[in-house]
Amino acid sequence: MSAHSVDEARAAKKRALTVFKGLAPVVGVGITKVGAGYGVKVNLRSHPKSKDSLPTEVDGVPVRVEVVGPIRKR
């Protein structure tokens, strides 16, 4: 796996939001370090119905998924 630049991760972030919104309850999408490069982090409100259906990469950029729960104002 090659290291991806922060610019590649930014471009994939926009696409990841579109891809994941149809698959899981997304509350946020960001950029994260993955090895020596960058990837996309998708935060979910709850577990999706089928974890197998979630992509592990978008446009060749690795994706990390974390269930963080609902986002609330403090």
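Which residues does Asn-43 touch, not counting residues up to four places away in sequence?

1. The model is predicted. In it, Asn-43 touches Pro-25, Val-26, Val-27, Gly-28, Glu-66 and Val-68, with residues up to four places away in sequence not counted.

2. Asn-43 belongs to strand β2, which covers residues 37-44. Its relative accessibility is 18%, so Asn-43 counts as buried, the cut-off for that class being under 20%. The side chain of Asn-43 also makes a polar contact of 3.2 Å with the side chain of Lys-41.

3. Together with Ile-71, Val-27 and Val-68 make a nonpolar surface patch of about 240 Å².

4. Ile-71 is placed in the segment after β4 (61-67). With a relative accessible area of 62%, Ile-71 is exposed, because the exposed class begins over 50%.

5. Strand β4 also holds Val-61. Is Val-61 buried or exposed? Val-61 counts as buried, at 2% relative accessibility.

6. The contacts of Val-61, leaving aside neighbours within four places in sequence, are His-4, Glu-8, Ala-9, Ala-12, Tyr-38, Gly-39, Val-40 and Thr-56. Among them, Tyr-38, Gly-39 and Val-40 fall within the range of strand β2, residues 37-44.

7. One further pair concerns Val-61. Between Val-61 and Ser-2 the C-alpha to C-alpha distance is 9.3 Å, while 59 residues separate the two in sequence.

Technical notes. Residues numbered from 1 in each chain as written. Predicted model: local features only at pLDDT ≥ 70, side-chain atom pairs only at ≥ 80, totals over all residues. Heavy atoms only, no water. Helix = DSSP H or I, 4+ residues; strand = E, 2+ residues; numbered from the N terminus. Buried < 20%, exposed > 50% of the residue type's maximum accessible area, 1.4 Å probe, protein only. Polar contact = N/O pair within 3.5 Å; in protein donor to acceptor, adjacent residues only side chain to side chain. Contact = heavy atoms within 4.5 Å. Patch = residues over 30% accessible without salt bridge, like charges linked within 9 Å, V, L, I, M, F, W, Y side chains within 5 Å. Areas by Shrake-Rupley, 256 points an atom, 1.4 Å probe, with all protein chains shown as cover. Salt bridge = Lys/Arg side-chain N within 4 Å of Asp/Glu carboxyl O.
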